[in-house]
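Student: Hi! Could you walk me through this protein? I'd like to know what goes on between its side chains.

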Amino acid sequence: HSGIVFRGQGGISSATIWRNVGATAPVTFDNSARGIVGSGLERIKLMNQNAGTYTTTNGLVLSAEATGLNQMDYLSFKDIYILNFYDNISLTGRSIWVDWERVRCEGALRDGLNIVGTDNISQHRFNLCRFGNSARHGVYADLDFAGLTATSMAFDTRTSEQKEELGRRVT
């Protein structure tokens, strides 16, 4: 799929609201069947329907196949607000050249941003993003997966906070 962008109404605080249905993430980009290029989200607020019930549901997931045969490139996420999921953002497989602009992740039950992949995750740029009030880490990154090292993860003008452990952890 190429060039599919979901755009909501309003600014980051009054954006269109999407909630999870049961224990399923409200948004998953999954390239296991075909490549995803030039797609993204703008002005969307993702909220956990019930954080007390759906304690292991992630908010925004980039889930790529392990072999990396299908692209997940040139994605864009702008003015996104993600609240009260297990991992507000979960990156688990190949994704390259992804821009994150004005993304706010609040109240994660574990990590605001969790990067533990099975393939190449690189060239992600986080600009004016906030990962706050997470139970474990604001940002958690395991940068050595499947023998590949993630490269060029840029965090510009970003804050990350936690409740219990480190604000940032890179292993």
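**Side chains that pair up**

Tutor: Happy to! Arg110 and Asp87 meet through their side chains in a salt bridge, with N to O at 2.7 Å. Keep in mind that this is a predicted model.

Student: Which parts of the chain does the pair of Arg110 and Asp87 tie together?

Tutor: Arg110 sits in the loop between E9 and strand E10 (111-116), while Asp87 belongs to strand E8 (residues 87-91), so the bridge links parts that are 23 residues apart in sequence.

Student: Is Asp87 buried or exposed?

Tutor: Asp87 is buried, at a relative accessible area of 2%. Arg110 counts as partly exposed, at 21%.

Student: And what network do salt bridges with shared partners make?

Tutor: One network joins Asp79, Asp99, Glu101, Arg102 and Arg125. Within it, Arg102 bridges to Asp79, and their closest N and O atoms are 2.6 Å apart. Arg102 lies in strand E9 (residues 95-106) and Asp79 in strand E7, so this pair also connects parts 23 residues apart in sequence.

Student: How accessible are Arg102 and Asp79?

Tutor: Arg102 is partly exposed, with 34% relative accessible area, whereas Asp79 counts as buried at 17%.

Student: How many salt bridges are there by this rule?

Tutor: The count is 11 salt bridges. Another one of them pairs the side chains of Glu42 and Arg43, at 3.8 Å from N to O.

Student: New topic: how many disulfides are there?

Tutor: The count is 0.

Student: What about the nonpolar core? Which members touch the most others?

Tutor: The largest nonpolar core has 30 residues, and those touching the most other members are Phe29, Leu60, Leu62, Phe77, Ile89 and Trp100. Strand E7 (residues 72-83) contributes the most to this core, giving 5 residues.

Student: What is Phe77 in contact with, leaving aside its neighbours within four places in sequence?

Tutor: Its contacts include Phe29, Leu60, Leu62 and Trp100. Gly40, Leu41, Val98, Asp99, Glu101 and Val103 are also in contact with Phe77.

Student: Why would nonpolar side chains gather like that?

Tutor: In soluble globular proteins, nonpolar side chains tend to be buried together.

Definitions and conventions:
Residues are numbered from 1 along each chain as its sequence is written. This is a predicted model: local features need pLDDT of at least 70, side-chain atom pairs count only at pLDDT 80 or more; totals for chains, interfaces and linings use all residues. Side-chain values use heavy atoms; hydrogens and water are left out. A nonpolar core is a set of buried Ala, Val, Leu, Ile, Met, Phe, Trp, Tyr and Cys residues joined through side-chain atoms within 4.5 Å. Buried means under 20% relative accessible area, exposed over 50%, partly exposed in between (1.4 Å probe, protein chains only). Helices (H or I, at least four residues) and strands (E, at least two) are DSSP runs, numbered from the N terminus. Contact means heavy atoms within 4.5 Å. A disulfide is a pair of cysteine sulfur atoms within 2.5 Å. A salt bridge is a side-chain nitrogen of Lys or Arg within 4 Å of a carboxyl oxygen of Asp or Glu.
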